[in-house]
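The following note sets out several points on the structure shown below. Please read them with the sequence and the model at hand.

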Amino acid sequence: MDPLLSVLIALGFCLFFVAEGLVLGKLLQPAVFYVAYVTLVEPSTVVLAVVTCAAALGATIGQWLLYRTFTPTRPPPGASYWSPERLERLPGVLRRWAGKRWVSLVERQIDRFSAYGIAVCTAIPGVRTVVPIIAGVGSQPERGYVIADAAGNLVYMLLLLGAAYGVLGISRLFVGL
């Protein structure tokens, strides 16, 4: 594969996952595109490592910007933070959107385990979307949040990589590719 094309693909996945980290209730699922890319293209190990790291970095950047949006003391660059009144209504809105069970789970894990809870919850598909908001509202320290979020995103990408290789293995088993 052409090195320039590999860099462009990695950049594309990075930007795609930035959007995934920023937007709740996504219309497009970058994880599905990542699994499809690995399954259909079967990139070399080096290209796959670069694309995976770029996607994890993109997700971390997007979630960090979302975290900063909900941290009352440090808004993201070029934006203002949410007012305390809006922040007070947020847990109720999140519970209705994501489900009381998931939001309560994330709150408990972050309150109890702090950075470790952030890392584990970020690695769980479906739950990961509310982590930046709950960590931001809960005023988790920014540096610890970013490190834990990056670790969780890397684990998430490795889980997606395992899923891609699982799909590839099953297709070879049943289709004989």
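1. Leaving aside its neighbours within four places in sequence, with which residues is Gln140 in contact? Gln140 contacts Tyr67, Ile110, Ser114, Ile118 and Ala135, where contact means heavy atoms within 4.5 Å. Gln140 is placed in the loop between helix H7 (131–137) and H8. Its relative accessibility is 13%, so Gln140 counts as buried (buried is under 20% relative accessible area, exposed over 50%, partly exposed in between, with a 1.4 Å probe and protein chains only).

2. On the basis of the note: this is a predicted model, in which local features need pLDDT of at least 70, side-chain atom pairs count only at pLDDT 80 or more, and totals for chains, interfaces and linings use all residues. Residues are numbered from 1 along each chain as its sequence is written, and side-chain values use heavy atoms, with hydrogens and water left out.

3. The chain contains eight helices and zero strands; helices (H or I, at least four residues) and strands (E, at least two) are DSSP runs, numbered from the N terminus. Buried residues are 41% of the 177 residues. Among contacts with a separation of 6 or more, 69% join residues 24 or more positions apart.

4. Three salt bridges are found in a search of the whole structure, each defined as a side-chain nitrogen of Lys or Arg within 4 Å of a carboxyl oxygen of Asp or Glu. One of them joins Arg128 and Glu20 at 3.5 Å, N to O. This pair links the loop between helix H6 (115–122) and H7 with helix H1 (residues 3–22), 108 residues apart. Arg128 is buried at 2% relative accessible area, and Glu20 is buried at 8%.

5. Arg172 and Glu42 form another salt bridge, with the closest N and O atoms 2.6 Å apart. Because Arg172 lies in helix H8 and Glu42 in the loop between helix H2 (30–41) and helix H3 (45–69), the pair ties together parts 130 residues apart in sequence. Arg172 is partly exposed at 38% relative accessible area, as is Glu42 at 43%.

6. Arg68 and Glu142 meet in a salt bridge at 3.0 Å, N to O. Arg68 belongs to helix H3 and Glu142 to helix H8, so parts 74 residues apart in sequence are tied together. Both Arg68 and Glu142 are buried.

7. Asn153, in helix H8 (residues 142–175), has 1% relative accessibility and therefore counts as buried. Not counting residues up to four places away in sequence, Asn153 touches Ala56, Ala59, Thr60, Gln63, Thr122 and Arg128.
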